[in-house]
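The exercises below ask the reader to go through one structure step by step. Each task is followed by a worked solution.

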Amino acid sequence: MYVALKHIHLMVIALSAGLFVTQYILMVTKSPWQSNKFIKVAPHAVNGLLILSGLMLLFVTGWVPFAPGSEWLTEKFTCLLAYIALGVFALHMGKNQLLRGFAFVGALGWLLMAFKIGMTKMPIFAG
(Lines give C-alpha, C1' and ligand atoms only; values in the text may rest on other atoms or scores of the structure.)
Protein backbone atom coordinates (compact mmCIF):
# COMPACT_ATOMS: atom_id res chain seq x y z
CA MET A 1 0.00 0.00 0.00
CA TYR A 2 2.79 2.41 0.94
CA VAL A 3 4.70 1.94 -2.32
CA ALA A 4 1.60 2.52 -4.45
CA LEU A 5 0.67 5.66 -2.48
CA LYS A 6 4.22 6.96 -2.67
CA HIS A 7 4.28 6.56 -6.45
CA ILE A 8 0.88 8.19 -6.82
CA HIS A 9 2.10 11.06 -4.62
CA LEU A 10 5.26 11.49 -6.72
CA MET A 11 3.25 11.39 -9.96
CA VAL A 12 0.82 14.03 -8.70
CA ILE A 13 3.75 16.22 -7.55
CA ALA A 14 5.20 16.08 -11.07
CA LEU A 15 1.80 16.88 -12.58
CA SER A 16 1.32 19.80 -10.16
CA ALA A 17 4.76 21.22 -10.93
CA GLY A 18 4.16 20.82 -14.67
CA LEU A 19 0.85 22.66 -14.44
CA PHE A 20 2.48 25.43 -12.39
CA VAL A 21 5.21 25.90 -14.99
CA THR A 22 2.61 25.80 -17.78
CA GLN A 23 0.46 28.43 -16.05
CA TYR A 24 3.49 30.68 -15.58
CA ILE A 25 4.59 30.35 -19.23
CA LEU A 26 1.05 31.10 -20.45
CA MET A 27 0.91 34.15 -18.17
CA VAL A 28 4.29 35.51 -19.29
CA THR A 29 3.48 35.02 -22.97
CA LYS A 30 -0.01 36.49 -22.46
CA SER A 31 -1.44 33.47 -24.24
CA PRO A 32 -5.20 33.26 -24.77
CA TRP A 33 -4.92 29.68 -23.46
CA GLN A 34 -4.55 30.98 -19.91
CA SER A 35 -8.29 31.69 -19.85
CA ASN A 36 -9.07 28.10 -20.88
CA LYS A 37 -11.34 26.44 -18.32
CA PHE A 38 -9.12 23.34 -18.08
CA ILE A 39 -6.03 25.46 -17.34
CA LYS A 40 -7.94 27.27 -14.61
CA VAL A 41 -9.54 24.20 -12.96
CA ALA A 42 -6.98 21.40 -13.40
CA PRO A 43 -4.33 22.80 -11.02
CA HIS A 44 -6.88 23.02 -8.20
CA ALA A 45 -7.99 19.42 -8.77
CA VAL A 46 -4.41 18.15 -9.00
CA ASN A 47 -3.33 20.06 -5.88
CA GLY A 48 -6.34 18.64 -4.04
CA LEU A 49 -5.21 15.14 -5.03
CA LEU A 50 -1.70 16.03 -3.91
CA ILE A 51 -2.90 17.02 -0.45
CA LEU A 52 -5.11 13.92 -0.26
CA SER A 53 -2.25 11.59 -1.24
CA GLY A 54 0.02 13.27 1.31
CA LEU A 55 -2.56 12.81 4.06
CA MET A 56 -3.06 9.19 3.05
CA LEU A 57 0.70 8.63 3.26
CA LEU A 58 0.71 10.13 6.75
CA PHE A 59 -2.13 7.83 7.77
CA VAL A 60 -0.53 4.69 6.29
CA THR A 61 2.96 5.35 7.68
CA GLY A 62 1.96 6.83 11.03
CA TRP A 63 4.43 9.70 10.63
CA VAL A 64 3.46 12.82 12.55
CA PRO A 65 4.76 16.25 11.54
CA PHE A 66 5.93 18.64 14.28
CA ALA A 67 6.90 15.71 16.51
CA PRO A 68 10.35 14.67 17.74
CA GLY A 69 11.96 12.36 15.21
CA SER A 70 9.97 13.83 12.32
CA GLU A 71 11.95 17.01 11.78
CA TRP A 72 12.30 16.16 8.09
CA LEU A 73 8.52 16.04 7.72
CA THR A 74 8.15 19.40 9.46
CA GLU A 75 10.70 20.90 7.06
CA LYS A 76 8.94 19.34 4.07
CA PHE A 77 5.65 20.85 5.25
CA THR A 78 7.37 24.25 5.65
CA CYS A 79 8.76 23.96 2.11
CA LEU A 80 5.25 23.19 0.86
CA LEU A 81 3.88 26.35 2.50
CA ALA A 82 6.67 28.47 0.97
CA TYR A 83 6.04 26.89 -2.46
CA ILE A 84 2.33 27.69 -2.24
CA ALA A 85 2.91 31.28 -1.08
CA LEU A 86 5.47 32.05 -3.79
CA GLY A 87 3.36 30.27 -6.41
CA VAL A 88 0.35 32.43 -5.58
CA PHE A 89 2.55 35.51 -5.71
CA ALA A 90 4.06 34.46 -9.05
CA LEU A 91 0.72 33.75 -10.71
CA HIS A 92 -1.65 36.25 -9.11
CA MET A 93 -0.25 38.86 -6.74
CA GLY A 94 3.05 40.01 -8.25
CA LYS A 95 2.98 43.66 -9.26
CA ASN A 96 5.42 43.30 -12.17
CA GLN A 97 7.13 40.63 -14.25
CA LEU A 98 10.44 40.88 -12.37
CA LEU A 99 8.85 40.14 -8.99
CA ARG A 100 6.72 37.40 -10.52
CA GLY A 101 9.84 35.86 -12.08
CA PHE A 102 11.72 35.85 -8.78
CA ALA A 103 8.70 34.33 -7.04
CA PHE A 104 8.44 31.66 -9.75
CA VAL A 105 12.11 30.66 -9.42
CA GLY A 106 11.82 30.76 -5.63
CA ALA A 107 8.73 28.54 -5.69
CA LEU A 108 10.55 25.97 -7.83
CA GLY A 109 13.51 26.12 -5.44
CA TRP A 110 11.29 25.37 -2.44
CA LEU A 111 9.64 22.55 -4.40
CA LEU A 112 13.03 21.01 -5.16
CA MET A 113 14.03 21.32 -1.50
CA ALA A 114 10.81 19.58 -0.44
CA PHE A 115 11.55 16.84 -2.97
CA LYS A 116 15.09 16.36 -1.65
CA ILE A 117 13.90 16.24 1.96
CA GLY A 118 11.12 13.81 1.08
CA MET A 119 13.45 11.47 -0.78
CA THR A 120 16.27 11.46 1.79
CA LYS A 121 14.12 11.83 4.96
CA MET A 122 16.91 14.06 6.29
CA PRO A 123 16.19 17.58 7.53
CA ILE A 124 18.31 20.40 6.16
CA PHE A 125 17.79 23.11 8.78
CA ALA A 126 17.08 21.14 11.95
CA GLY A 127 19.60 18.39 11.25
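**Exercise 1. Find what the side chain of Arg 100 reaches, and describe its surroundings.**

Solution. Begin with the backbone oxygen of Gly 94, which the side chain of Arg 100 reaches at 2.9 Å. Next, a polar atom of that side chain lies 3.4 Å from the backbone oxygen of His 92. Both are polar contacts (pairs of N or O atoms within 3.5 Å, where within protein one must be able to donate a hydrogen and the other to accept it, and residues adjacent in sequence count only if both atoms are side-chain atoms). Then place the residue: Arg 100 belongs to helix α4, helices being DSSP runs of H or I with at least four residues and strands runs of E with at least two, numbered from the N terminus. Finally, Arg 100 is buried yet has no salt bridge, and Glu 75, the nearest side chain of opposite charge, is 29 Å away. Here buried means under 20% relative accessible area, exposed over 50% and partly exposed in between, with a 1.4 Å probe and protein chains only, while a salt bridge needs a side-chain nitrogen of Lys or Arg within 4 Å of a carboxyl oxygen of Asp or Glu.

This is a predicted model, in which local features need pLDDT of at least 70 and side-chain atom pairs pLDDT 80 or more, whereas totals for chains, interfaces and linings use all residues. Residues are numbered from 1 along each chain as its sequence is written, and side-chain values use heavy atoms, leaving out hydrogens and water.

**Exercise 2. Decide whether Phe 66 is buried or exposed.**

Solution. First locate Phe 66, which is found in the loop between α2 and α3. Because its relative accessibility is 56%, Phe 66 counts as exposed.

**Exercise 3. Describe the overall chain.**

Solution. Count the elements, and the protein chain shows four helices and zero strands, in the order α-α-α-α from the N terminus on. Along the principal axes, its C-alpha atoms fill a box of roughly 45 × 30 × 20 Å. Of the 127 residues in the protein chain, 32% are buried.

**Exercise 4. State which helix gives the most to the lining of the largest pocket.**

Solution. Start with the helices α1 (2-28), α2 (37-61), α3 (71-93) and α4 (97-120), each of which supplies at least two residues of this lining. The most comes from α3, with twelve residues.

Key: Lys and Arg count as positive and Asp and Glu as negative; His and the chain ends are not counted.
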